[in-house]
Amino acid sequence: MTAEQWQQKSQLYKSELLTDLLQFLSIPSVLDKTTANVQQPFGAGIETALQFLVDMGRRDGFKVERVADNMVVVIDYGPEDATETFGVLSHVDVVPGGDAWTITLPFSPKVIGNLLYGRGSHDMKADLIASYYALKQLKDAGFQPRKKIRLIFGSDEESDWRDMRAYLDQVGEPTFGFSPDGAFPVVPGEKGVLTLSIQFKGTTLGEWKLHRFQSGERDNVVPGTAIADVELPDGVDINGFLAAYERYLKDTLMISGIGQYDDGHIILTLYGKSVHGAYPEDGLNAATYLANFLLNYNFDDQAHGFLEFLGLTNHKNVFGEKLGLIYHDDIMGDLTVNVGKILFQANADSEIRINFRYPMGITETAILTQVQRHMGSLNAKIFKQEAFGTHPHMVDLSDPIVTVLADIYAQHTHTQKTYKISNGGSYARLLKRGVAFGGQFPDVPVMSHQPNEYVLVDNIPKTQAIFAQVMYEMTR
């Protein structure tokens, strides 16, 4: 079939797909330790999402299993005795909804025109459902693959990847495959991911007191809101201080905020722009802006060191230049930096968490060493957060898992064959012959992890058609 014929076939499923997707998006599949147990390792919401896929697969006549200690659902299609398996790796978990939505509530999905809003619509429930319907399209057409096609639905991608660690240990690695948790065209390379935890005691001994400073929910999200609780010295004009804050907000493009007096304390709130931490250059880190403002005042001891490290050394530092970490690889691109979670507590344990995306050619040790050299007066210890599957990943550009997928995408979009490298991390990096592929089209904004997250409805069947042809060509 031609690309146009694949597209025509996928359009027949659009209404049914959208019905399933809206139900799937309404499930708050966020990690919830309070409801986690052996049967539902990551909590009730994620369990509901996994069971939704089980029920959907059985409804449509697929072989469905729960594996890897209940953390993963697999749907198989093809010969049981196949010597090769083509894997498609997705995840049901999403980041927290957040409270900055204006179009709808995070888990009350809504279609407005050609936009489908809802938490997880972009990352990555629409593309997961598109991959499922691609396989259903092949099954309904009577296609008999020579290789096994396995849809692998994980549940811990936004946290620690415990699902895939267990899956690979207990089940093993597919021969080759892709993850729809990426972008078009094909992504054969993903940068390494390193998170450093900078831990210290929050002391504030002078007349200017920083009681608390908090920002960020996830290491891999640029904080969109930061809040500081400060106490001014006796005799300092409160109104003058608040006026200075208003001027700072007014003079700095794209940020906003508010300052309030509350029983002897000043509460400052600053709003930046939250985006996925893999692309911090697209956001405005509220924490570094707020710290940058507070550096104008005479906080001392650890409070000063904290504000200096956050508001000077790491302010507008998305490419690491202030840490001596500018690094570029001709294939994989630039190293990037995101200060994702920040907590300062007076006279209590405090922490800054920094997330790096780095190309081949630089080591975790080199990154750690440079951060240590740039701590300034902040007396802290640095710990590397051990994580699974986080080293740079690159597949040979001549491998069919790269060339065939690039060719199919070019057919469907009437573009030249090419590839791209990702700052993000997908399950594809866990396969020796794994690539990220879809469903982010180049001309659509990246909405993952953002308020009012959305996908274009018309792109979902387009993605389905591309996935269906890929599954067909790679397994026939």
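**Figure 1. Gly439 is found in strand β23, which spans residues 439–440.** Strands here are DSSP runs of E, at least two residues long, and helices are runs of H or I of at least four, both numbered from the N terminus. The model is a prediction in which local features need pLDDT of at least 70 and side-chain atom pairs pLDDT 80 or more, while totals for chains, interfaces and linings use all residues. Residues are numbered from 1 along each chain as its sequence is written, and side-chain values use heavy atoms, without hydrogens or water.

**Figure 2. A cis peptide bond joins Phe184 and Pro185, and Trp161 has a positive phi.** For the bond between Phe184 and Pro185, omega is about -10°, and Pro185 is placed in the loop that runs between β8 (182–183) and β9 (186–190). Trp161, a residue other than glycine, has a phi near 60°, and its place is in the loop between β6 (148–154) and α5 (162–170). Most residues other than glycine have a negative phi, and most peptide bonds are trans.

**Figure 3. Three strands form an open antiparallel sheet in the order β4-β5-β24.** Strands pair if DSSP finds at least two bridges between them. At the edges of the three-stranded sheet are β4 (110–112) and β24 (454–456), each of which pairs on one side only, and the twist from one strand to the next averages 25°. Strand β5, made up of residues 115–117, pairs with β24 in the antiparallel sense over three bridges. A residue to look for in this view is Leu116, whose bridge partner in β24 is Val455.

**Figure 4. Eight strands form an open sheet with antiparallel pairing.** The order of the strands across the sheet is β13-β14-β12-β11-β17-β18-β10-β19. Its edge strands are β13 (256–262) and β19 (381–384), and each of these pairs on one side only; the twist averages 20° from one strand to the next. Strand β17 (residues 336–345) and strand β18 (residues 348–358) run antiparallel and are joined by seven bridges. Ile342 can be followed to Ile352, its bridge partner in β18.

**Figure 5. Helices α6 and α9 lie across strands of the eight-stranded sheet.** Helix α6, residues 238–251, lies across β12, β13 and β14 (265–271), and runs at about 5° to β14. Helix α9, residues 364–373, lies across β10 (192–202), β18 and β19, with an angle of about 30° to β10. Axes are lines fitted to C-alpha atoms, for helices over the stretch in contact, with angles from 0 to 180 degrees between N-to-C directions; contact means heavy atoms within 4.5 Å.

**Figure 6. Phe24 and Phe52 form a stacked aromatic pair.** Rings of Phe, Tyr and Trp (its six-membered ring) pair if their centres lie within 6.5 Å, with planes under 30 degrees apart counted as stacked, over 60 as edge-to-face and the rest as tilted. By this rule the count for the model comes to 31 aromatic pairs. In the pair shown, Phe24 and Phe52 are 5.2 Å apart centre to centre, with 10° between the planes. Phe24 belongs to helix α2 (residues 14–25) and Phe52 to helix α3 (residues 44–59), so the pair ties together parts that are 28 residues apart in sequence.
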